[in-house]
Amino acid sequence: MATLICSLVDHSDDVNWCAFSSTCLATCSLDKTIRLYSIKDFSELPFSPLNGHGYAVHSCCFSSTGELLASCSTDGTTVLWSVNTGEIVTVLQHPGRSPVRICTFSPDSSCLVSGAADGTVALWDVHSNTLCSSAAVKEGSVVACSFTPCGQMFVTGSTNGDLCAWSCPMKQLCTRKTAHDLGVTCCQFSPQACNGMERNSVYFQMASCGQDNNVKIWMVSQDVPSGCAFQLVHTLNGQSAPVLSCAFSSDGQLLVSGSVDKSVVIYDANKGIILHKLTHHERYVTACAFAPDMPFIATGSMDKTVTVWRIEDGTSFGGRVSQHSNKGSAVSNATAKKKLDSLNEEEKEKHLDAGFLKAQSRLCVSEWSEEAVSVWLCEEGLGELVTIFKANNIDGSQLLSLNKEIVTNDLNIESLGLRNKVIRKIEELKEHLESICTGIPDEFLCPINRELMKDPVIASDGYSYEREAIESWIHTKKHSSPMTNLPLKSVLLTPNRTLKMAISRWKNCQ
């Protein structure tokens, strides 16, 4: 589940970047400023904003210790700031004084790389504040950069679509041409390395995004004969417009991306499956970042705001939960617990086995048992109808099919007031269910009936469907594909266990 914690509205122009340390959130903007917030309550620090750039600030990043903050700007400089005081430590003038589009620290913060609009890449020694070396890509502006977790190599992305791998002495190791058609916008390595299949080889997972509307996940190998190689693992197309930013969680399990379509998508980084899609921003989402030690995501936008989200996901952050609680969920859980505590032991066991807790969710109404429906009736002040509903074996599916005629004639509810109230409550339930369903990831819906899939299967046309729906389709439509209208090569259906697990995980987060 993704819960909005707060929106920060202090910038007066487009937000270009956001970055976390273990204690702070930094944001930068076209308004020439960098702002710092405490991660405890997201209040702005006393010395914020930081003013030192003459033009728009494009990127910012923290050192590994969190004591330094680097920011780069159209003014051709990369500035190092003290996070404790907000004072300028040093100003690094980029070679050629070209606008600097990206800056990033090495994992040990001993060096820093900056990339510029003229295609130059500069490697700086942080301790001496001196330029170690510089080089240039063949075409385009350098707009993206990320170090491998070991710090021995970094990758840059440019507006011509290429990804280039470099060793720290600034030797170009290899180039992946046109990794993104029309240009790369961002790239980031996962903090976790992987052991290679070949002897003495190490693989690093890296995400990149671009103007082609895609996020791509690569395995970047080191110590192969050529020195480096890119292998494409996933192409993620969960957004309908250019993707401007991407970031991994600290454990490498989750990947977040922000897009021109105003959405923020959270993926399972290993499976390439969409877990959440957030649509809070009113304009392009230009920046996104995970907190290293807390389940927070920050997203920045051209709507001049930064939003902070809490992600509750059992696979990330070591299962840690934020102190910023979801008040609505807390109230719901407290109500459920109070109701459960009021029952005797036999009733508790009966209600739990029948799906009592499931009745607290409005997502799976069609799966409610008769007991869950009884609990819902009591919650809505209709407890006197429990006996009638039980006698007619009304479960969740039957509940959703009830109308005024059935309630009057078949259930024989004589009281006009009760009839009107139960019909009204059922309609409210349907409306609530409909509003929730609009937030279901599209790939979790069966293309035939547009309902959340319970038993997804893959047909021979390569698409996934609800088993019952596709079996019925095949029986009545003479083996044609619901998606292409072409004949199905086979009627064999293969269970899509990966999708089923993703749906189950998503439902548990609702």
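A salt bridge is a side-chain nitrogen of Lys or Arg within 4 Å of a carboxyl oxygen of Asp or Glu. By that rule, a search of the whole structure finds seven salt bridges. This is a predicted model, in which local features need pLDDT of at least 70 and side-chain atom pairs count only at pLDDT 80 or more, while totals for chains, interfaces and linings use all residues. Residues are numbered from 1 along each chain as its sequence is written, and side-chain values use heavy atoms, with hydrogens and water left out.

**View 1. Salt bridges that share partners join E380, K425 and E428 into one network.** The side chains of E380 and K425 meet with N and O 3.3 Å apart. E380 lies in the loop between α3 and α4 and K425 in helix α7, so this pair ties together parts that are 45 residues apart in sequence. Helices (H or I, at least four residues) and strands (E, at least two) are DSSP runs, numbered from the N terminus. The closest N and O atoms of E428 and K425 are 3.8 Å apart. Both of these residues, E428 and K425, sit in helix α7, three residues apart, about one turn of the helix. K425 counts as buried at 17% relative accessibility, and E428 is partly exposed at 38%. Here buried means under 20% relative accessible area, exposed over 50%, and partly exposed in between (1.4 Å probe, protein chains only).

**View 2. A salt bridge joins R467 and D455.** The closest N and O atoms of this pair are 2.8 Å apart. R467 belongs to helix α8 (residues 467–477) and D455 to the loop between α7 and β29 (456–458), so the bridge ties together parts that are twelve residues apart in sequence. R467 is partly exposed, with a relative accessible area of 24%. D455 is also partly exposed, at 25%.

**View 3. The largest pocket holds about 1100 Å³ of space.** On a 1 Å grid over the protein atoms alone, a pocket is an open set of points where a 1.4 Å probe fits, with protein on both sides within 12 Å along at least five of seven lines; lining residues have an atom within 4 Å of a point. Grid points are joined across faces, edges and corners, and a volume is the space filled by probe spheres set on the points. The lining has 44 residues, and F20, F62, T104, Q188 and P191 lie nearest the centre of the pocket. Strands that each supply at least two lining residues include β2 (15–20), β6 (57–62), β10 (100–105) and β14 (142–147). The most comes from β18, with six residues. By type, the lining divides into 28 nonpolar, 16 polar and no charged residues. In this count Ala, Val, Leu, Ile, Met, Phe, Trp, Tyr, Cys and Pro are nonpolar, Asp, Glu, Lys and Arg are charged, and the others, Gly among them, are polar.

**View 4. The largest nonpolar core has 21 residues.** A nonpolar core is a set of buried Ala, Val, Leu, Ile, Met, Phe, Trp, Tyr and Cys residues joined through side-chain atoms within 4.5 Å. W368, F389, L399, L402 and V422 touch the most other members. Two or more residues each come from α3 (370–379), α4 (386–391) and α7 (416–437). The most come from α7, with five. Apart from this core lies another, of 19 residues, among them L445, C446, A469 and L499. Residues up to four places away in sequence aside, L402 touches F389, I394, V407, L411, I426 and K430; contact means heavy atoms within 4.5 Å.

View 5. S167 has a relative accessible area of 12%. Not counting residues up to four places away in sequence, S167 touches Q152, M153, F154 and L173. S38 counts as buried at 14% relative accessibility. With neighbours within four places left aside, S38 is in contact with T23, S43 and L45.

**View 6. A cis peptide bond joins S48 and P49, and R97 has a positive phi although it is not a glycine.** Omega of the S48 and P49 bond is about 5 degrees. P49 is found in the loop between β4 (33–38) and β5 (50–51). Phi of R97 is about 55 degrees. R97 lies in the loop between β9 (88–93) and β10, and R97 is exposed at 62% relative accessible area.
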